[in-house]
Amino acid sequence: MVRPALEFVVQELETLKQEGLFVNIRTLESPQGAWIVVDGRRVLNLCSNNYLGFCNDPVLKEAAKRAIDEYGVGPGAVRTIAGTMKLHLELERKLAEFKGTEAVVSFQSGFCANLATIPALVGRDDVIFSDELNHASIIDGCRLSRAEIIRYAHCDVDDLKTKLQEHRHKFRRALIVTDGVFSMDGDIAPLPEIVKLAREYDAFVMVDDAHGEGVLGKGGRGITDHFVLHGEVDIEVGTLSKAFGVVGGYVAGSYELCEYLRQRGRPFLFSSAVTPADVAACIAAVDILLQSEDRVQRLWENACYFQNGLKSLGFDIGKTQTPITPVMLGEAPLAQEFSKRLFEEGIFAQAIGYPTVPRGAARIRVMISAVHTKEDLDFALEKFAKVGRELGVIA
């Protein structure tokens, strides 16, 4: 029961339900993996960001346990006072080695990394050119900066150039910011062209590679490695909660950039450091990727197999260029019903609707993992075909 002043919350919830936009938040009762227990039912998992299967990896779990024994369960402070442990510095050193940058500064999440970085680098006298489909954390970071925000059409370098020509000269500093891989559509930012425009118009470039880390480039080193742009991208943001399977975020770049963010990044300054267990597990994941490309190769093999299967069945999977596989359905109620029927058939794949994607672009977003087997993927294709025909999505 809410007080009258909050009665609008009840009304808004009812509206969401009527429009098919109310999110049914399901509960996991097992570790992340190819198969999981959700709301008491064992189902094939097709919607987590566990790209490389690290979430329940025994090597990562053992590293976390050892860290608890050695360092305890929490840091007890922010990084700048008494919360920087030896493990944090080791993670940052290894991430810099992995990314091929001078330095790395780590944060509590990828979201925090964006909130720390953007307002620290641009302000009221500055301008941000932002892809219209950038992640919410980029959007919020831009708003917090109080800089002028100019959106350019999605992955459209011609539109970006037009807006740079029109507006760049009015402002002190200019930031061009983009996702590396766009999480809802699976397409890749045209980073070489963006970097070229940044040099031409005296701007600096920031890429949020949350869905590119562990996926693109040699051994999952990300979009900068994918396009061989080392030293050309000023700010690389990554997350440790997707392909790395744990939690946390980071910024990779020059020594000076990372030191500046330690001095001015508000989440770094005012929120406690990541726990020792999480940091140790992240280090273990980086070590595995530094040693072998096997998991990344399996991820891509699985993605190609499943996507080709969906297309042969007649599904529309948009313009994905990565393992992110959007099954485009259009209206939110249809996507909700499709997800519900899949769950009944033993498939966990959530519907995605507005505001995460535009109205009329609802979908089932399938997330493929390196730990899926061919038998898992065949089972999924069989069920997608069954539900798709029942609901009139495919013939």
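**Nonpolar patch**

I started with the surface of this predicted model. I found a nonpolar patch of about 600 Å², made by V2, L6, F8, V9, V10, L13, L16 and F22. I picked V9 from that list and looked up its place: V9 sits in helix α1, residues 7-18. Is V9 buried, partly exposed or exposed? Its relative accessibility is 34%, so I put V9 down as partly exposed. Anything between 20% and 50% gets that label.

**Helix α2**

Next I checked the length of α2, which runs over residues 58-71. With 14 residues at 1.5 Å a residue, α2 should span 20 Å.

Then I asked which residues of α2 are buried. My list has L60, A63, A64 and A67. They cover an arc of only 100° around the axis, so they lie on the same side of α2. That made me recall the general rule: an α-helix has 3.6 residues a turn, so residues three or four places apart point the same way.

What do the buried residues of α2 pack against? I noted two partners, α4 (86-99) and α12 (276-291). I also looked at the other side of α2, where P58, K65 and D69 are exposed.

**Cis peptide bond**

I went on to the backbone and wrote down a cis peptide bond between Y354 and P355. Its omega is about 10°. Where is P355 found? I placed P355 in the loop between β12 (351-352) and β13 (362-367).

**Positive phi values**

I looked up D202 and got a phi near 55°, a positive value in a residue other than glycine. D202 lies in the loop between α8 (191-200) and β7 (204-208). The relative accessible area of D202 is 57%, so I count D202 as exposed; the cut-off for that is over 50%.

V228 went into the notebook too, with a phi near 50°, again positive in a residue other than glycine. I found V228 in the loop between α9 (223-226) and β8 (235-239). Is V228 buried or exposed? With a relative accessible area of 65%, V228 is exposed.

Note on methods: Residues are numbered from 1 along each chain as its sequence is written. This is a predicted model: local features need pLDDT of at least 70, side-chain atom pairs count only at pLDDT 80 or more; totals for chains, interfaces and linings use all residues. Side-chain values use heavy atoms; hydrogens and water are left out. Patches are made of residues with over 30% relative accessible area and no salt bridge: like charges are joined within 9 Å, nonpolar side chains (Val, Leu, Ile, Met, Phe, Trp, Tyr) within 5 Å. Accessible areas come from the Shrake-Rupley method with a 1.4 Å probe; for residues, only the protein chains shown count as cover. A salt bridge is a side-chain nitrogen of Lys or Arg within 4 Å of a carboxyl oxygen of Asp or Glu. Helices (H or I, at least four residues) and strands (E, at least two) are DSSP runs, numbered from the N terminus. Buried means under 20% relative accessible area, exposed over 50%, partly exposed in between (1.4 Å probe, protein chains only). The expected span of a helix is 1.5 Å times one less than its number of residues. The arc is that of the directions from the helix axis to the C-beta atoms. Contact means heavy atoms within 4.5 Å.
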